[in-house]
Amino acid sequence: MSGRIGKAFNRGRTCLAPFVTAGDPHPDWTVDILHALVEGGADLLELGVPFSDPMADGPVIQRASERAIERGVTLESVLDMVSEFRRHDADTPIILMGYMNPVERFGETRFPPAAAAAGVDGLLLVDCPPEEGAALHGALRDAGLASIFLVAPTTTDARLDQICSAAQGFVYYVSFKGITGADRLDAAALAEPVARIRERTTLPVAAGFGINDGDSARAVGAFTDGVVIGSALVGRLAEAGSRDEAVARARDFVASVRESLDNDGS
Amino acid sequence: MNPQATTPSEAPDPTGHFGEFGGSYVSETLMHALEELREAWGRWRQDPEFMARLDRDLAHYVGRPSPIYHAERLTARCGGARILLKREDLNHTGAHKINNTVGQGLLAKHMGKPRVIAETGAGQHGVATATVAARLDQDCVVYMGETDIHRQAINVFRMRLMGAEVRSVSSGSRTLKDALNEAMRDWVTNVDDTFYVIGTVAGPHPYPVMVRDFNAVVGREARAQMLAQHEALPDALVACVGGGSNAMGLFHPFIGDEDVAMVGVEAAGRGLATGEHAASLCAGKPGVLHGCRTYLLDDNAGQITHTHSVSAGLDYPGVGPEHAWLKDSGRAQYVAVTDDEALDATRALSRLEGILPALESAHAVAYGLKLASQMRPDQSVLINLSGRGDKDVQTLAEIEGLSL
């Protein structure tokens, strides 16, 4: 198991995990954007693998995926982006986040070693709960990659037991019933479910969905070890007209969230 | 996994797998809702009052049983096996789809869900859902691709007349698959009070089983009618396959009858070689889409490809997992017919028998005619005439260069 994920949650601060869709707004800009996120204060990077039918995503990430696919981005090219990123950053963990079919087409046994060689640390497949994909999860383990699973507000205690025993790296808590980017966040409601997760695992807990600025990140970070910011960042990048502008937007946005997280008011 | 390892009576396993196909590939938020649904269906299907109510609705509201009609002039023209039509087109709302929505609507009522949502391609499932929701006083939202809204305008208006809200989906290919994505997003967001009425034998477990069970009334009736009227089972069953609910409903009660051949007919669109088709079983590969592992049409990177069929109801890049499993086990055979062949069959059935089939069902008719012509006169082919073609009149006129 890669130690990078564990270290990212062990830096004495809330782990900030920005999400960007690989290849959006332009495939040639993604690696620079990733470095800029780290410069801005990211601890862990979530790289979205574009899929044509992203059932759990709202319009911002759907459109980012469509644009990336139109520009020819594939799982293969996403791994190339990670390799390139690793030439200048050996420490920041990268999680790939996406859907099952591109991984299945790449090859369930071929993908994990290729991803590990590229420098990927873990995989979160939104449409693959722990009940499914046994062969893939085994191959990920063999390759030293973490299988990261979601826990939702609807997850029962019985399922939570099962997910926590299968989980590696960290547990990703979906902060509300809905799709990415929706405006439904109630940070106080995280206290109870996060406590239920902590009763069952010592893995760190990160929350995502609906966190869109420094204030909401800080509110969520009061309950969790990490926060994921996706649509708000992807939306800002989509409007960038040049590589420099995208890089600046990535760095500045993450820096502003970092500042809010570290200035916890105490 | 060896598809022979599971016999039909054992399929699917308790987690909804038909061999390597099926399962529940959905985001965590929906897993509990699926568990609830499995429990509810498991319970109510054993409840004599629930099942009696369902039977009454099928008889008095849907108009079952639907007849089996001997198409004598078509038979004469083919010069082979007797051609028999299972007349699902005579059901209320004009297709087999209502067999399923009557059942799921009733289940939603019993589960205390006041709101139902559905996706639709040709609009037949949307109409069938809106119809049942009106009668059961449920709020109803139907998701439909922008492209389909244009080519099935009459069905859109029918849904609105029955009080449903039709929401246009403009993402992706703007057809059925995108409507399904959007319905899933709605369900994730409103999972507490909403029942998702899936219209075909695809999606996560238990939908493939539940939708099959509701449509299996077609096959049970057909089997009994064949024995009563023709004193023999048919030699072959033929049904069109998009997601595959009408075919699964007809096939399932015959799976143990090994002498009865089963043929599913997919949409070859402009021809399989052109890549513009919707034949996931004939030309696709196993993968994961919309909650289940099944045959689907995608590119080398695993992106789902845009499909084409003259028939909106077959214009879908996946297929029910039980069909995938029947294909690999060899119990059923899957073929594809082109838009042009389906249109020829539409004209033939209209002119020779006075029956205008839905363009979806016309695919089954087209292959059924071919098959019958290669068989002996003492044999019979039972074609599922899954829907009527009133909804397609506009499309047919446009193809002939007419505006109505």
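**H4(B).** I began with helix H4 of chain B, and H4(B) turns out to be mostly covered, with 12 of its 14 residues buried. Buried here means under 20% relative accessible area, exposed means over 50%, and partly exposed lies in between (1.4 Å probe, protein chains only). For the element names I went by DSSP runs: helices are H or I with at least four residues, strands are E with at least two, numbered from the N terminus.

This is a predicted model, in which local features need pLDDT of at least 70, side-chain atom pairs count only at pLDDT 80 or more, and totals for chains, interfaces and linings use all residues. Residues are numbered from 1 along each chain as its sequence is written, chains are lettered from A and ligands numbered from 1 in the order in which they are written, and side-chain values use heavy atoms, with hydrogens and water left out.

Just after H4(B), B:Gly112 takes a positive phi of about 75°.

**Chain B overall.** I counted 15 helices and 14 strands in chain B. Its radius of gyration is 19 Å, close to the 22 Å that the globule rule gives for 404 residues, so chain B is as compact as a globular protein of that length. (The radius is taken over C-alpha atoms, and the rule is 2.2 Å times the number of residues to the power 0.38.) Along the principal axes, the C-alpha atoms fill a box of roughly 55 × 50 × 50 Å. Of the 404 residues, 66% count as buried. I also looked at contacts (heavy atoms within 4.5 Å): among those between residues at least 6 apart in sequence, 73% join residues at least 24 apart.

Two cis peptide bonds went into my notes. In chain A, the bond from A:Asp24 to A:Pro25 is cis, omega near 5°, and A:Pro25 is in the loop between E1 and helix H2 (30-40). In chain B, B:His205 and B:Pro206 are joined by a cis bond with omega about 15°; B:Pro206 is in the loop between strand E8 (194-196) and helix H9 (207-230).

B:Glu231 has about 55° and is found in the loop between H9 and strand E9 (236-240) of chain B. B:His290 is near 50°, in the loop between strands E11 (285-289) and E12 (291-296) of chain B. Buried or exposed? B:Glu231 is exposed at 70% relative accessible area, whereas B:His290 is buried at 3%.

**Largest pocket.** Last, I looked up the largest pocket, with a volume of about 320 Å³. Its lining has 30 residues, with A:Ile61, A:Thr180, A:Gly181, A:Gly230 and A:Ser231 nearest its centre. H3(A) gives the most to that lining, three residues.

For the record, a pocket is an open set of points on a 1 Å grid over the protein atoms alone, where a 1.4 Å probe fits, with protein on both sides within 12 Å along at least five of seven lines; lining residues have an atom within 4 Å of a point. The volume is the space filled by probe spheres set on the points.
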